Structure formats: structure tokens, C-alpha cells
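Subject: Structure handover

Hello,

The structure we discussed is placed below for your use. My notes on what was found in it follow.

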Amino acid sequence: MFALRYWSVMILIAAAALAFFVWRTTGTDGRFDFKLGLDLSGGTHLVYSADTGKLSSAQIADSLQTLREVIERRVNSFGVSEPLVQLEQGGALGQGTHRLIVELPGVTDVDEAVRLIGQTPLLEFKLIKEGASTTDAAGNLNPAAYVDTGLTGKYLSTAALQFGNGQAALAQPTVLVTFNSEGAKLFAKITGDNVGKPLAIFLDNQLVSAPTIQEKIDGGSAVISGNYSADEAKALVRNLNLGALPVPINLESTQTIGATLGDEALHAGLVAGIFGFVVLSLFMIFWYRLPGVVAVMALIIYSIMMLALFKLIPVVLTAAGMAGFILSIGLAVDANVLIAERLKEELAAGKKAEDAIREGFARAWLAIRDSNIAHIIAAVILFWFGTALIKGFALVFGLGVIVSMLSAITISRTFLLALGVNEQKPLSRFLLRSGLRK
Amino acid sequence: MNISKNIGYYFILPGLLSILAVIAIGLWGLKPGIDLAGGSLLEVKYPAGRPAIELVREKTSALGLGEVRVQPTGEEGYILRQRNLTVAEKESLEATLGMPQTAEEVQFTSIGPSIGQELMSKAWIAISLVVILTILFIAFAFRHASKPSSWKYGIVAIVTLLHDILIPTGLFALLGHMIGAEVDALFIVALLTILGISINDTIVVFDRIRENLRLNDEKRKHEEFSEVVDRSIRQTIARSINTSMTVIIVLLFLYFLGPESTANFALTLTVGMIAGTYSSIFLAAPLLVVWEKFSHK
């Protein structure tokens, strides 16, 4: 009993400390303040134009789709959650320039955002035009001498770091790029048709190397060997693995934008959450009495833990994420309902209070475990497959399930046992029972 | 209750609602929103100071153009995203915004969907995976249940789950027809969530059936399977309703008091939860009984 009461007090103190942390860091705009998504707080709006001039009309849609996915992956990789990446086409009839809109929530440093997106490599393989000089009179690169092969970063599957065979000091790091099946076919065709000619590899419009094709290459991989240091090669591999651009893009404009939903949505979400919480608590206390009070305590601790996690991870809160959190409050109380109902049955069977509590938890555990595992399966799959918006929701939902399982089983049980209710007293019996009848 | 005598009546409610949902979806279909279908983007500038955003939202939503998303940009402009507009619709939108007197157009372009083809195919994969893994998991979790075979629990749970997402989808088709509700990213999230949580009540009932079967075995007592199911439903009905109640309470608050943008989300989830609650009693349990009876004939 002493140990239980000791732990109960410790849990309360820890919860109070967490609550203090949540309260003090809110509204400070510091590292631990809540991060709000694009719909609630606004951010940066970037417009890029895509240069599709070299593509046949059949390739355009496909390449633009790849472009959108590459940029979304890149933006996600630098920790901005729930960005909006959208293709647009100018002109009311959809005949104009193809553009890409990127909106980054909470990002106020536009230059930094532009720089990070700008690191997306543009990888191109080109052939040299017959008879053309590859350098102009001043020794500079003559772009007109190079002909597109159609093989670009669009067909890139993975990139890996390789070291040459020489002595350690001489070993030159190179980058092995592997194409997807479509790219491999194209590469085999290009190399097969042009044996003996140089194939120029361009990265971000800079000539990296132009090795001569020795034979047709079927394996679907190529080696890029520039004069890289190990660090440069590593950075290139990382950048290529996040995706290479299928078409060149140019930054057209940057703007800071306001929230699509704004303060009133945030406020409405808060009001809904608080009212939902209060009514839920009243329902639990009136219906389940003492176990209900304990459940509400556990629920408060659950909410504090979730809010602290939002700040620590950090989780970017959008309207969907907030809805997920409000939903999880309803779910978190589920386990407590199951436990309280079981407890009532065990008491009705004539067990002592402490035994009934232990037995009630043990019996309810199977159903709680099974349904929570089903939830976690769903949350993991949503997180794995979803893009930005769904990921945010799945993260909040999955965290909620795990934290609520902890709070329902451990915290409620410790509190209930620590209270040391004696089933002999009529008041205690009343408090432990639930429902409308005594 | 008495499931053994009245089993035919059990299927009336889920059966009827499923048929209505299928009719609604078949008749009116689902309206894709700008998240899925793309649309147009209009950027306007008010050199003499822009009007309040609430006013712009109110005025534009009254035009009957479906959802118009208004977003402030810079110091004096707004970006509006909506479905593709006809020339007449664009003119009426421009007039509403005060063009050409106080506002000027910065750009008008067509935009692609923010949920690409990629996400849609991923959503289908995700749904299929949830379904398959849930069958596997329930079959595993109920492997010790003495009868019927644990695969039946898994498959019945999935039939129930499909019913639970069919009902809100049907409602959405009806809403789309009546008030022009559009399918957006949140609707997909809502359906996926129902997939995740409506299985709760089914598991609670199944868990009781499993336990009662085990107790019967221990006591060497013979009881018809339909009676075990009947008894299990009676023992769990209070908690089934209460666990769903707790979720529905918060969802109703989200619907009535929450942001407008999540209202349809909350409604879809509420309907899915209600469907999930009655379907575990009126669909999952009797299906198990019918299947068990059938395989013994």
C-alpha cells in the first residue's frame, strides 16, 4: 500500500511538472512552443516555374508528377511538416507555363527555404553533337554542343557511395547511381547506340564528367566520378537519394502568407476540445463514480503528456491533427469504461475491493490490448503510406493510442488501488459501483 | 434480444442502411473537392487596404461555387482557391471581390490537385493493408477460442468494418447531392480512422464470446453457440454503448463547436462510430451465429 501511494504521489508530481513545462513554453515562440501547420498559422509561399520546353507533350504530365513528388519529399526531409506542394498551369485555359507552388508552414526565413529546395540536384545525361566543339573560344563550356538523351534524374532509383580500388590515399570516392527499370532500358539503348562516343553527365547544368562508352550497359547503373572529397560525395548521394529533378525549375516569386483557417479555427478547436473534455468528465464521474473520478484524473494526465509530446517531438498541429487529438481523448477513456464495467461485475460476484480491482483490470486487459493493437496497426499504416496531411493525423492518433494505454492501465490502476477502498462500508460500495441503480 | 429465435430481424437495420448507402453512392456519386480534382487560383490585391477575411469568406461562400479557400497574402492581397470556374462564374466572383473598383487581379491560374494520383493509390493500398492485417491479427488473437474457427472472427470483423465505412460514405453522397459537400483529404482521413477504431466494439463483443466459451469449457457445460453469443451481447451492451458514447460526445462537440473546416470530418466520424456500435451487435454477432450454423448443416 505504501509503495502504491508513493507512486501515486510521484505520478501527480511528475504530471504537475509536465503541466508547468507545457504552460511556461506556450506562446514563447521558442523551441518548445506549439508548431502550427499551414492552415492555422500561415508560412511561406514559393512559386517555381518548370522548364518543360525540351519535353514532348506526352512526357510533360509524367515529369511534372515526379517533380511534385521529389520536391515534397525534399521539403519533408528538412523537418517542415505538412507542406503543400501543388502543380499549377498559367492561363485560364491551361496553356501557359507549368508552375510548382510550395507552401511551407511556419517558415519565416524565406532564403533558408529557397536554399534548401535549391539543393535538389538536376541530373542529366547528354551526348555530344557530331563535330561540335565542347568549349568555346575562351575555354568555357559550350552548352549548344550537348544533346539531351531524355535520360534524367526522373529515372533515378537510388544512389550510393563507392570508393575506387586504388591505395587508400588515392581512392577517389565516386557515386553509383542506379536507374529504375524504365531508366535502365533507356540507358541500355543510349549506350548501345553510341559505343565509342563520350556520354556527358551534367549535374545542375555543370559538366561533371564525360566518360567514353565502352560497350552497351544493361545493368541499369552508372558511375559519376568527379573530383569529389568524401564529404562532397556523401552530400551528393544524400541529395540524389531524396530525388533528382526531372526538369529544371526556376524560382519565380516568394511571399509570406496568412493562415487558410486562421485564429478562429484554432479557437473553435480549443473550445470543442475543452467542452468535449468537460462533458466527458461529467459523464464518467456520474456514471462510474470513483473509478470515473480516477479515469478523469488519468485523462488529465494523458492530455498533459500528449501536449508535452507535441512540443518535444515536435508535432506540427493542423486542423486534422487537432481533430485527431480531440478524438483520442474520447478513445483514451474507452479503456477506463471497460475497466469500470469489469470492476462492477467482480464486486457483484462478491469479491473484496482490492481483488475486484486487480481482477477487473486483468480481465479488461485482453479486450483493451486487442482493440489497441488494431488501432496501432491502422495508425502505423496511415503514417507509412499517407502524405503530409494524413501523416500528421496518424502521428497524433498513434501517439494517443500508446499514451492512453499507458495512462489507463498503469495510472488508473495505481490510483484506484492506492485509495484503499474498503468494500465493507456502504459508501465505498456505492462509489465503486456504476450505472443508474445503487 | 434472443438471437436464436429472431436472427432474421437482426440483419434488417444494417442491411437496409447498406442498401440505401449503395443507392446514394450509385445515384449521386461523390463530389471530388479541390484537394483531389484541382481547380483554380485567383490572387487579388487591394491597394487601398483589404477587407476583413471573414467578410471575404462570407461573400464568396454565398456564390455557390463550392468551397472557396481564402488566404491572406503579403500586406494587401488574398489568394482564393476554388474549383474550375466558367467565364460567368469568374466574373461574378470578381464582382463580389470588388473588381475592378477597389481590387485588382494579380493572377488567375489553374492548379493541380494537392493530393496526387500517388496518394490516392497509396490510400487504396493502405485500406487493403489495414483490412488484411486486421483479419490476420484477429485470427491470431482469437486462436484459442474453442469455436468457431478464429478465421471466421477475422472475416466477420472485416465485413462489419466495410459496413461501417459504407454508411458514412453513403451519407456523404447524400450530403454532396443536397448541400454540395465535397470529398477532401479530411474525408479520406475520416474513413481511414473509422477503419481503425470502429473495430473496438466488435472486439469487445468477440472478447466476451471467447471468454464465455472458455468458462463453459472449464465448467464442462454445454450451451448452444447462439445462446453464448446472446449472453455475451447482453453482458457487453452497456460498455459497447458507453465506449462509443465517449467518442461520440467529443465528436459532437467537434462538429458543433469546432472549426468549420473539420465539421464534415466530425460528422463522417460520428456516423461511422454510430454504425460501428450497432453493427457489432446487429451484424457481427449474428453473422458469426449464422455462419456457425451453416457450416454444421
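Starting with one residue, B:Glu105 touches B:Leu42, B:Val44 and B:Met99, leaving out residues up to four places away in sequence; two residues are in contact if their C-beta atoms, placed from the backbone, lie within 7 Å. This is a predicted model, in which local features need pLDDT of at least 70 and side-chain atom pairs count only at pLDDT 80 or more, while totals for chains, interfaces and linings use all residues. Residues are numbered from 1 along each chain as its sequence is written, and chains are lettered from A and ligands numbered from 1 in the order in which they are written.

B:Glu105 is found in strand β4 of chain B. Helices (H or I, at least four residues) and strands (E, at least two) are DSSP runs, numbered from the N terminus. The C-alpha atoms of B:Glu105 and B:Val44 are separated by 4.5 Å, although the two are 61 residues apart along the chain. B:Glu105 is partly exposed because it has 14 other C-beta atoms within 10 Å; a residue is buried if 20 or more other C-beta atoms lie within 10 Å of its own, exposed if 12 or fewer, and partly exposed in between, with C-beta atoms placed from the backbone.

Next, the strands of chain B. β1(B) and β4(B) pair in the antiparallel sense over 7 bridges, and two strands pair if DSSP finds at least two bridges between them. Of the 7 residues of β1 (residues 39-45) of chain B, 6 are buried, so the strand is largely enclosed by the rest of the structure.

In chain A, 4 strands form an open antiparallel sheet in the order β6-β5-β9-β10. Its edge strands, each pairing on one side only, are β6 (146-152) and β10 (206-209) of chain A. Strand β9 (residues 199-203) of chain A pairs with β10(A) over 3 bridges, and A:Phe202 has A:Leu207 in β10(A) as its bridge partner.

On helix packing, α9(B) and α10(B) pack at an angle of about 145°, with axes 9 Å apart. Axes are lines fitted to C-alpha atoms, for helices over the stretch in contact, and angles run from 0 to 180 degrees between N-to-C directions. Among the residues of α9(B) that meet α10(B) are B:Val204, B:Arg208 and B:Ile209.

The two chains also touch: 59 residues of chain B are in contact with 59 residues of chain A. By class, the chain B side has 35 nonpolar, 19 polar and 5 charged residues. Ala, Val, Leu, Ile, Met, Phe, Trp, Tyr, Cys and Pro count as nonpolar, Asp, Glu, Lys and Arg as charged, and the others, Gly among them, as polar.

The largest nonpolar core has 140 residues, and those touching the most other members include A:Ala298, A:Ile326 and B:Val250. A nonpolar core is a set of buried Ala, Val, Leu, Ile, Met, Phe, Trp, Tyr and Cys residues joined through C-beta atoms within 7 Å. Helix α7 (residues 263-312) of chain A gives the most to this core, with 21 residues. Leaving aside neighbours within four places in sequence, B:Val250 has contacts that include A:Gly276, A:Leu280 and A:Ile326.

Regards
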